[in-house]
Amino acid sequence: METLYITHPLCRLHEMGAWHPESPQRLDAISDQLTASGLMDFLAVCEARPATPQDILRVHTPEYLAFLRQHAPAQGYFPIDADTLMNPETLEAAWVAAGAGLTAVDHVLSGPSRTAFCAVRPPGHHARPGQAMGFCFFNNIAVAARYALDYHGLSRVAIADFDVHHGNGTEEIFSHEDRVMMCSFYQHPFFPGIREENPGPNMINVPVEAYSGGEVIRELVTRQWLPALLRFRPELILVSAGFDAHREDDMGSLKLVEADYAWITQRLVEVAAESAQGRIVSFLEGGYDLSALGRSVVAHVRALGEY
Ligand SMILES: [Zn+2]
């Protein structure tokens, strides 16, 4: 079954300065490696549609949306914090980054494609209902989850997050939402360093020590994520696919390699086959070493489509 590859040219126009690791070149590294590996020939390439304000307001506050609109610069940068900056194209990119997930959800719920990878930026999992942070503006995966629940009428959506950083925004948004289960691991102590305890039984978010490698991660996925996911029986799985836990990525200190990303993805594919008719939508989050990022996305997408 074909996997969808969803992106948009506007995602390259958001940039936060030549020094910034969350760069447009990340998307080039991904498409280069998908092409060089031959995998791109097997994917169904699809352009993201922009999200509407109504889509965004299922997750974010009207005040926050107004703030972003008001501060979008005509030129140069508007710094929201030290490393989260808006340029003139940031909002345009953010609309299609969030919209990619909606395009993907529509497709995987109607078929024939059952899996999709959204190669988008800005990323989303740190974005809070009323605050941009950690390079994130709209919480793309949360917008897609709410759309699947409230527009398409699904009853259970699972979110798996394997970025090296804690998906604090996603956790905050769905802490009291029984229709969502979130499973993640994250380096701790580390950015954003907000909390240590899971806020609810639907949150299986597991802190791991710096320098942990694939064995530790596979163990916690097997013992903590998979039993919870199999009990929950999601009708759709969404993935916050950050690749900054790779051993070559200087942003974090975990030691994953491509084979670990493939293994995690294969386990999610198995859960999706059990209860979700195979439906998985994955979103690019972090991943800043360009070579490791491109190779890891190839491993992830290959596993998603069982190529
Ligand atoms: Zn990250």
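In strand β2, V45 is the bridge partner of Y5. Strands and helices are DSSP runs, numbered from the N terminus (strands E, at least two residues; helices H or I, at least four). The model is predicted: local features need pLDDT of at least 70, side-chain atom pairs count only at pLDDT 80 or more, and totals for chains, interfaces and linings use all residues. Residues are numbered from 1 along each chain as its sequence is written, and side-chain values use heavy atoms, with hydrogens and water left out.

Strand β1 (residues 3-7) pairs with β2 in the parallel sense over 4 bridges; pairing requires at least two DSSP bridges. Helix α1 (residues 25-36) carries the chain from β1 to β2 in a right-handed β-α-β crossover. Right-handed means that, with the strands pointing away from the viewer, the path from the first strand over the helix to the second runs clockwise.

The zinc ion has protein donors D163 (OD), D163 (OD), H165 (ND1) and D244 (OD), at 2.0 to 2.7 Å. Donors are N, O and S atoms within 2.8 Å of the metal (3.2 Å for Na, K and Ca); water is not among the atoms, so sites may look incomplete. Their spacing along the chain is D-x1-H-x78-D. H165 sits in the loop between β6 (157-161) and α6 (168-174), and D244 in the loop between β9 (236-241) and α8 (258-275), 79 residues apart.

F243 and Y261 form an aromatic pair, 4.9 Å centre to centre with 65° between the planes, and the pair is edge-to-face. Ring centres of Phe, Tyr and Trp (its six-membered ring) must lie within 6.5 Å; planes under 30 degrees apart are stacked, over 60 edge-to-face, the rest tilted. F162, F243 and Y261 form one aromatic cluster.
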